[in-house]
Amino acid sequence: MRRLLHRVVHDEEGVALVMALMVMMVLAVTTAGLLVAGTANQRESLVSDNARVAFGVAQEGLAYAEGMLYSAAANGTQPPTGSQDLTDLPSGATGSYYASVAGDGVTWTMYGTGTYHGISRTVHAQANVPSPVTTTETGVWNYLYADGTGSCTTWNGNVTVSVPILIRGDLCLSGSQAFTGATLEVGGNLSVTGSAKVGSAASPIQEVKVGLTSTSANTCNGVAPGTGVCDGTQSPIYASTVGEGVDTTPSMPCIGQPSSWDSTCTGSNDGTWSTLHEMYDNQASLPQSGCPSNLFDNNSTLDNSDTSITSVMFGSSYDCKLGSSSQPCSSTVSVCEIKWKSSTKTLSVNGQFYFDGSLTLSGNVTYTGLASFYFTGGISTSGSATFCAASAVSGNQSCTAAWNTLDDGLIMVTGCWADSTGSSLITSSCVSLAGSSTVQFGVYCVTQYSTQGGASNMGPVLANSLSLGGGAQTLIPYHYFPPGTPLSIQTTYLPASAPKNWSG
């Protein structure tokens, strides 16, 4: 028995086998664990790489969405709200982008998505894009303004112009013409030749501006404004300052004239005479009281046919009213009124009125009130006619510089039709001031505004072209514009804010 125990105790062959088996089991488990861990790590790495590619594509989509939104804001358009696909992506990757606007119409959320080998990522951010701001441009009503760009604007004879001038195109002064007004602004090129002068050495004008912008290439007597012969200190141009870029955007509001006459009148305003039709139709639908026959129209069609306007307007006394509280005459005046008192030759006005024909002034008239008169045709004066604001009339019926445009102001608008449809226009002297006449009203003339002889107008003028050959001019600017005044509407797009609230 003792020998058996001793043998079991001292025999190592069985123990070694057991230990060997145990070691092999440990190694097998360890190897299996390592293989499993390696496979898991590899799979996780692949998923991470795919996610990074998907995320990169999503970020690219967000960048495209931002570009789409800000570009639309700068151009004053709405970006598309539907999903847009990305192109030129890595093989196997897809992506898209889009933007949606909140109920306030200002807050936009931009999205970018990316997918790669089954892994998808989405990122988004927000931006505030303010709505466009519309403003009314009134600056051109402080000048005698010529809107045409087809040829160089010139003046007639040895005329001296002493009121502010704004020319959209080129201005060519020659002969004995002179400009002595406070400011001369030319959107194109300025040419002063012969014995023509701008200002004088003893009395330089306040300012000369040439070119639509400060970076334009327009010239003043062949050189850059403010340099050489156009530095304002030598003949023929004397001015305290000479520079580039006019102060006011040269633009004449469209009433529907063809784009061949005014290049800015395109689209729905090209040849439709939209404003004339709108005003004529609106006035025809209004209730009227006390209005004499043929004052506004002699039939029921806009056709430039009423030849009785002048004789009726300044004939027997009347008190004509248009509109009512329930059917307003205009957006600013419920009841428009035009009243003539023949004994005092006084015209009282309030509102806006349409006359389907032309007007001729030959006598002496005093007017009071604020209004706009639209004519399908034109306006002319003759002899020693006066048309003076009540605030400016002196004892001898002459117009004085005491004219207060806040109380008494008329805007005369002429469509310049030469036929019944507006397809043919009065190309010269649509508004013609002649003789020794003097008037006080603002003018909007589709074609040519003309003064000759000793005639003068103290009001601002907007016309396609100017033909100035009358007497001394005195310009009284308008600070308040009567109902119906044609005004240019400018749309400004404010810059959008930087993206915020990124998430993804």
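Tutor: On a 1 Å grid over the protein atoms alone, a pocket is an open set of points with protein on both sides within 12 Å along at least five of seven lines, a cavity is a set where a 1.4 Å probe fits but cannot get out, and lining residues have an atom within 4 Å of a point. This is a predicted model, in which local features need pLDDT of at least 70 and side-chain atom pairs count only at pLDDT 80 or more, whereas totals for chains, interfaces and linings use all residues. Residues are numbered from 1 along each chain as its sequence is written, and side-chain values use heavy atoms, with hydrogens and water left out.

Student: What makes up the lining of the largest pocket, and which residues lie nearest its centre?

Tutor: The lining of the largest pocket consists of 19 residues, and nearest its centre lie Ser330, Ser331, Gln352, Pro483 and Gly484. Two or more lining residues come from each of helix H3, strand S20 and strand S22, where helices (H or I, at least four residues) and strands (E, at least two) are DSSP runs numbered from the N terminus. H3 makes the greatest contribution, with four residues. The volume of this pocket is about 350 Å³, taken as the space filled by probe spheres set on grid points that are joined across faces, edges and corners.

Student: How do the residues of that lining divide into nonpolar, polar and charged?

Tutor: Nine are nonpolar, nine polar and one charged, on a scheme in which Ala, Val, Leu, Ile, Met, Phe, Trp, Tyr, Cys and Pro count as nonpolar, Asp, Glu, Lys and Arg as charged, and the others, Gly among them, as polar. The second largest pocket, with about 290 Å³ of space, has 20 lining residues, of which Gly148, Thr149, Gly150, Ser151 and Asn464 are the closest to its centre. Its lining divides into three nonpolar, 14 polar and three charged residues, and strand S30 (residues 461-469) supplies the largest share, four residues.

Student: Which residues line the largest cavity?

Tutor: Met279, Asn282, Gln283, Leu286, Leu322, Cys329, Gln352, Phe353 and Tyr354 do, and the elements that each give two or more of the lining residues are H3 (274-284) and S20 (346-355). The lining holds six nonpolar and three polar residues and no charged ones. The volume of the largest cavity is about 50 Å³, and the structure has one cavity of 30 Å³ or more.

Student: Why are the buried residues of H3 said to line one face of the helix?

Tutor: The residues in question are Leu276, Met279, Tyr280 and Gln283, each buried in the sense of having under 20% relative accessible area (exposed is over 50%, partly exposed in between, with a 1.4 Å probe and protein chains only). Seen down the axis of H3, they fall within an arc of 100°, so they line one face; the arc is that of the directions from the helix axis to the C-beta atoms. An α-helix has 3.6 residues a turn, so residues three or four places apart point the same way. The buried residues of H3 pack against strands S17 (288-289) and S18 (318-322), as well as S20 and S22.

Student: What makes S25 a mostly covered strand?

Tutor: Seven of the seven residues of strand S25 (residues 408-414) are buried. On one side these are Asp408, Leu410, Met412 and Thr414, and on the other Gly409, Ile411 and Val413, which leaves both faces covered. S25 runs parallel to S22, to which seven bridges join it, and parallel to S28 (residues 442-452), with four bridges; two strands pair if DSSP finds at least two bridges between them.

Student: How do you know whether Asp88 and Cys416 count as buried or exposed?

Tutor: Asp88 has a relative accessible area of 78%, which puts it in the exposed class, whereas Cys416, at 0%, counts as buried. Asp88 lies in the loop between S1 and S2 (93-101), and Cys416 in the loop between S25 and S26 (431-433). Neither is a glycine, yet phi is positive in each, near 55° for Asp88 and about 65° for Cys416.

Notes
Contact = heavy atoms within 4.5 Å.
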